[in-house]
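Here is a short report to read alongside your structure. Take a look at the model, and then we can walk through it together.

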Amino acid sequence: MEQDTRFMEMALELARTARGQTSPNPLVGAVVVKNGQVVGMGAHLRAGEPHAEVHALRMAGEQAKGATLYVTLEPCSHHGKTPPCAEAVVASGISRVVVAVLDPNPMVAGKGIDVLRVAGIDVRIGVREQEAKKLNEVFFHYIQTRLPFVTVKTASTLDGKIATVTGHSRWITGEAARSEVHELRRTHDAILVGVGTVLADDPELTARVQGELYGRQPVRVILDSQLRTPLNARLLQDQAAPTWIITTPSAPEERRRTLSHAKGVTLITLDAPLLVTDVLKRLGELGITSLLVEGGAEVNGSFLRARAIQKIISYVSLKLVGGSQAPTPFGGTGFATMDEAVSLTNLSIEQVNEQDVRIIGYPQWE
Ligand SMILES: Nc1c(/N=C/[C@@H](O)[C@H](O)[C@H](O)COP(=O)(O)O)[nH]c(=O)[nH]c1=O
């Protein structure tokens, strides 16, 4: 029924409006329709606040009786921070529910649907299911693995360089591509770089618009086994966001003392050598559901080697800089043969402007 598709698209659009705000909860949108008229709508805006269905049903009021509810994720049936939505839907008098995708949370999967069907509500599942899954790729990954969904973002020239032989890198991509990266940062719980990038670029690793801080600031994670992060690093001065420095027991004691007193800094000590899997496990335990890895080459190479990347976002600037020693996006030991190269699926390739191309893909590990 194309009506169902049309109204589910509306619910998906509503869900997207809260992008970057709902972590660790999913993005959810809901629309209540009676006799072809939209009488209620809502989105889940922040964890702990009402779910999308509750907002939509409140707006519909009495008109929910005999109406249809479109919702992008199966209504919850367990008492989380808010009462179960499935019961609220039954109480509202809704007679039909269309769900895009079932909740992947083992605690919930299908239970919300059962509550609705037992109450005599007609339920249809799977309208715009692929879009609904993609919208919550982070939530689905985290709820099933308790590990952050890892996106690696790279920016390189057409001949694959992230800097010139002299280390010069500002800028490879233009304004439009770089402002997309700030939007990307805003939607992530944390950004991770290696201390090499801190020493080379002295980055702020904040989400900004026109140079000013804007929106929710991600946690900044620095992999720094020997605590080489300089005290005068910009990201230690601005108090713009927490900075977690992940180190090892062999780091010099006086560096540990100095850095642990720097404002906004938390030291996290893991066994040496720092392993990507240990880092991700700890970040997952600390509630990081989405991690944006911004390099450098060594860190990207270690994530590749560990097969710990869910998504790649690569900006390629159509310019050539040459230099056999100029660094490339993925360093480290690399794979020995082309057979081991990892392919990307679900590709999206778009020109950001006449100079920059954005390539998004999902590594196919198995
Ligand atoms: N050189 C470039 C990038 N470079 C990315 C990192 O090397 C920089 O350290 C990081 O963007 C600096 O972070 P900031 O201080 O918070 O702005 N990334 C891009 O997308 N395009 C580039 O041309």
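## T72 and its neighbours

In this predicted model, T72 touches M8, A11, L12, A15, L27, V28, G29, A100, V101 and A132, leaving aside residues up to four places away in sequence. Contact here means heavy atoms within 4.5 Å. You will find T72 in the loop between β3 (68-71) and α3; helices (H or I, at least four residues) and strands (E, at least two) are DSSP runs, numbered from the N terminus.

Is T72 buried or exposed? T72 is buried, with a relative accessible area of 2%. Buried means under 20% relative accessible area, exposed over 50%, and partly exposed in between, using a 1.4 Å probe and protein chains only. The T72 side chain also reaches the backbone nitrogen of G29 at 3.0 Å.

## An aromatic pair

A search of the whole structure turns up two aromatic pairs. In one of them, the ring centres of F7 and Y70 are 5.3 Å apart and the planes are at 40°, so the pair is tilted. For such pairs, rings of Phe, Tyr and Trp (its six-membered ring) must have centres within 6.5 Å; planes under 30 degrees apart count as stacked, over 60 as edge-to-face and the rest as tilted.

F7 sits in helix α1 (residues 2-16) and Y70 in strand β3, so the pair ties together parts that are 63 residues apart in sequence. F7 is buried at 3% relative accessibility, and Y70 is buried with a relative accessible area of 3%.

## Helix α4

Which residues of α4 (residues 111-118) are buried? They are G112, I113 and L116. Seen down the axis of α4, its buried residues fall within an arc of 100°, so they line one face of the helix; the arc is that of the directions from the helix axis to the C-beta atoms.

These buried residues pack against α3 (85-92), β4 (96-99) and β5 (122-125). Just after α4, G120 takes a positive phi of about 85°.

## Record and confidence

An unreviewed UniProt entry lists residues 2-124 as "domain: CMP/dCMP-type deaminase"; such annotations may be inferred rather than shown by experiment. Over residues 2-124, the chain is 33% helix and 20% strand, with the end C-alpha atoms 13 Å apart.

The mean pLDDT (the predictor's confidence in each residue, from 0 to 100) of the chain is 95, and 100% of its residues reach 70 or more. The predictor gives the complex an ipTM of 0.92 and a pTM of 0.94.

Residues are numbered from 1 along each chain as its sequence is written, and side-chain values use heavy atoms, leaving out hydrogens and water. Local features need pLDDT of at least 70 and side-chain atom pairs count only at pLDDT 80 or more, while totals for chains, interfaces and linings use all residues.

Conventions
A polar contact is a pair of N or O atoms within 3.5 Å; within protein, one must be able to donate a hydrogen and the other to accept it, and residues adjacent in sequence count only if both atoms are side-chain atoms.
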